Amino acid sequence: MTFSGSSTTTKVLSSAHQDYVHHIAFDIYGRRMATCSGDRFVRVWDLTDDGMWSLVARWQAHKGSVTMLSWAHPEFGSLLATCGSDHEAKIWEEHINLTSAAPIWTTKTQLTDARKAVSCLEFAPRHWGLKLATGSADGSVRIYEAVDVMNLAQWPISATLQCFEEGLGVTCLSWSNGRFEPPTLVVGGAHPIVYRYSESSRQYNQLIALPPPPIGDVLDVAWAPNVGRRYHYIAAAEGQQLRIFKLMRNGQGGELELVSTQTLEVSNAWRCQWNITGTVLASSGDLGLVQLWKSDFEGNFKCVSKIQGDLSQVAAGA
């Protein structure tokens, strides 16, 4: 794994994984990092005071490849969710080991409802409670909720969304963090779909079916944090292009509707993520290149920076 700081040099962190690293997730403070890999293991790292990443825990999380992980808000404790090709999602809790300096991560629950590999998951924003959304290759999104946060062994399904029938199934998902919105999320697969919870029907309904990419499936989606804007941004990484959808409430009932789409040509885009204010979008693919995109005064996103990792160091350490 490579990390670039304020200088032009690239720090290379030896992950100690025996296979490809599939996902990296930081906690809300950015001082803890979890990695997962095709070697079935999860590793947790802490940032020390001298700016170095220290490995503090490692364990075999799944029987197959671990595809993604997500940190819960620290208000609910030190919780980490993982999913993998063994059709399972798991929720882990950290406990302090009094006899050793290393913490112990124990399984609180195993979610085994998926019929195929679980490809993605994400905890909902904390103001909606302790909810976890999982997406599977069987085309379904399942939303679990810990009704009693003091009993983390019970995670009943609150909703099952059958999103796609063909293709790769559900490849990615992202929650909206709008505090004045009902629970809303975007799901990626053959095309992006926006779902929103309705209090009247007490279920999640499809709100908007966004247009599909010209080739292939959606590889990643990211809902931009809303810090007071009257509209929402959703980014979709689709291989040879990066699309940004602008959604705004209409005059009838205040429901969201698509008002514009901007397509950004990139060499490849496998992942995308917004900064904490939703003003800068980062996209990445292969070849160690990360691009940063920002909107100009006319609302058009332009590439403002490129970060090229030093692959020679990675090759030398392989």
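## Arg 115, out in the open

Arg 115 is exposed, with a relative accessible area of 53% (exposed means over 50% relative accessible area, buried under 20% and partly exposed in between, using a 1.4 Å probe and protein chains only). Keep in mind that this is a predicted model, where local features need pLDDT of at least 70, side-chain atom pairs count only at pLDDT 80 or more, and totals for chains, interfaces and linings use all residues. Residues are numbered from 1 along each chain as its sequence is written, and side-chain values use heavy atoms, with hydrogens and water left out.

You'll find Arg 115 in the loop between strand 10 (104–111) and strand 11 (118–123); strands (E, at least two residues) are DSSP runs, numbered from the N terminus, as are helices (H or I, at least four residues). Setting aside neighbours within four places in sequence, Arg 115 is in contact with His 87, Asp 138, Arg 142 and Gln 162, contact being heavy atoms within 4.5 Å. From Arg 115 to Ala 34 it's 81 residues in sequence and 26 Å in space, C-alpha to C-alpha.

## Strand 5 and its partners

Strand 5 (residues 41–47) is mostly covered, with five of its seven residues buried. Strand 4 (residues 32–37) pairs with strand 5 in the antiparallel sense over five bridges; pairing takes at least two DSSP bridges between two strands. Cys 36 sits opposite Val 42 in strand 5. Three residues lie between strands 4 and 5 in their hairpin, where Arg 40 takes a positive phi near 80°.

Strand 5 also runs antiparallel to strand 6 (residues 53–60), joined by seven bridges. Here Leu 47 faces Trp 53 in strand 6 from the opposite position. This hairpin has five residues between the strands, and Gly 51 takes a positive phi near 85°.
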